Amino acid sequence: MREALDRIAAHIGVDFHTATLLQLTNNAVFALPDAGLVIRITRSHTLHARVHNNVALGAWFAAIDAPTIRLAAGLPQPVADGDLLATIWDLVPAGTPAPDGSDLGTVLRRFHALGLPAFDVPAWNPIGDARARIVDAEALGDADRDYLLDWCDRLEPRLAGFAAASRRSLMHGDAHPGNLLRHPDGRVLLCDFDATAAGPWQVDLVPAPANELRFDASGAHAKLAAAYGYDITTDPAWPLLREARELKMIVGGVPLLASGPGVAEEFARRLASVRDGDSSVRWTAFGDLPR
């Protein structure tokens with residue numbers, strides 16, 4: 001990924017020598033402070049459609065002044081490096097305090113009020129996304145693959161029924177405080193639009209309480225519910241949406257299994273806790289594991 005970054009940065013004519021790795025999951029995300037840019041390189045060719053969706057959304061967000069980060073202006077995007085695709089965004093210098101659940105609730109209310117753009121936005125399809133990652137994973141064992149695909153088969157008709165009965169809006173798809181940035185001028189901006197889609201708005205309220213059930217309690221859910229004005233855990237669809245979120249959190253590690261033993265061990269721990277119905281098992285974020 002670092003070699004790909006060097007080539008991409010050289011291609012667009014910016015200095016890459018001070019680049020810092022911000023994230024390494026399905027995307028390799030690098031900050032280039034001297035150039036004032038962030039470069040996101042998608043690591044799987046099966047996710048290329050997401051990259052093109054990000055570019056279209058980024059242009060639209062700028063046109064309507066959405067509460068989001070901005071694509072770097074003046075660059076044809078996405079940028080290709082062999083089989084890899086990258087998007088380039090303006091770097092947002094970190095402001096203080098760090099965004100929290102209250103900020104998330106406020107920003108999501110604005111985001112959900114944007115409506116849908118005139119161009120096609122992918123429909124919310126969590127099972128399709130999960131299957132794509134499972135199929136693309138060479139390091140996934142056959143037994144685990146079968147279990148995950150069976151889980152997808154069980155969830156798919158239930159989620160389709162929920163979506164059909166719900167109002168469609170623009171949904172972020174992975175809304176949590178980690179996908180917020182506070183600009184030095186105080187504005188709070190959403191980032192990471194890989195999962196952004198047209199679908200039920202309730203989905204964006206699920207990550208905070210679902211994360212608190214599997215990771216450390218942060219208080220983000222209570223703040224989110226207060227700021228947004230709705231507590232998703234009181235919704236009849238909450239058990240179904242929580243299960244879909246847990247599938248996403250497990251399958252998110254599938255493309256990373258070959259990157260190091262820590263990821264494989266965490267993936268096995270998560271999957272075993274779901275198989276056993278043990279919600280007391282605490283999970284560790286894949287991005288925090290050694291590679």
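Begin with the second largest pocket, which has a volume of about 310 Å³. Here a pocket is an open set of points on a 1 Å grid over the protein atoms alone, with protein on both sides within 12 Å along at least five of seven lines, and lining residues have an atom within 4 Å of a point; a volume is the space filled by probe spheres set on the points, which are joined across faces, edges and corners. Select R43, S44, D136, P255 and L256, which are the closest to the centre of this pocket among the 20 residues that line it.

Before moving on, note that this is a predicted model, in which local features need pLDDT of at least 70 and side-chain atom pairs count only at pLDDT 80 or more, while totals for chains, interfaces and linings use all residues. Residues are numbered from 1 along each chain as its sequence is written, and side-chain values use heavy atoms, with hydrogens and water left out.

Next, select N27, R40, T42, V51, N54, L85, A86, T87 and D194, which line the largest cavity, a cavity being a set of grid points where a 1.4 Å probe fits but cannot get out. The volume of the largest cavity is about 40 Å³. Colour the strand β5 (84-90) as well, because β5 supplies the largest share of this lining, 3 residues; helices (H or I, at least four residues) and strands (E, at least two) are DSSP runs, numbered from the N terminus.

Now select helix α4 (residues 126-135) and helix α5 (residues 142-164), which pack at an angle of about 165° with their axes 9 Å apart. Axes are lines fitted to C-alpha atoms over the stretch in contact, and angles run from 0 to 180 degrees between N-to-C directions. That angle makes α4 roughly antiparallel to α5, a term used for angles over 145 degrees. The contact, meaning heavy atoms within 4.5 Å, includes I127 and I134 of α4 and L148 and L155 of α5.

Finish with the backbone, where most residues other than glycine have a negative phi and most peptide bonds are trans. Select Q77 and P78, which are joined by a cis peptide bond with omega of about 0°, and find P78 in the loop between α2 and β4 (79-81). The loop between α2 and β4 also holds D65, whose phi is near 55°, a positive value in a residue other than glycine. Lastly, select T96 and P97, where the peptide bond is cis with omega near -5°.

Terms used:
Angles under 35 degrees count as roughly parallel, over 145 as roughly antiparallel, 65 to 115 as roughly perpendicular and the rest as oblique.
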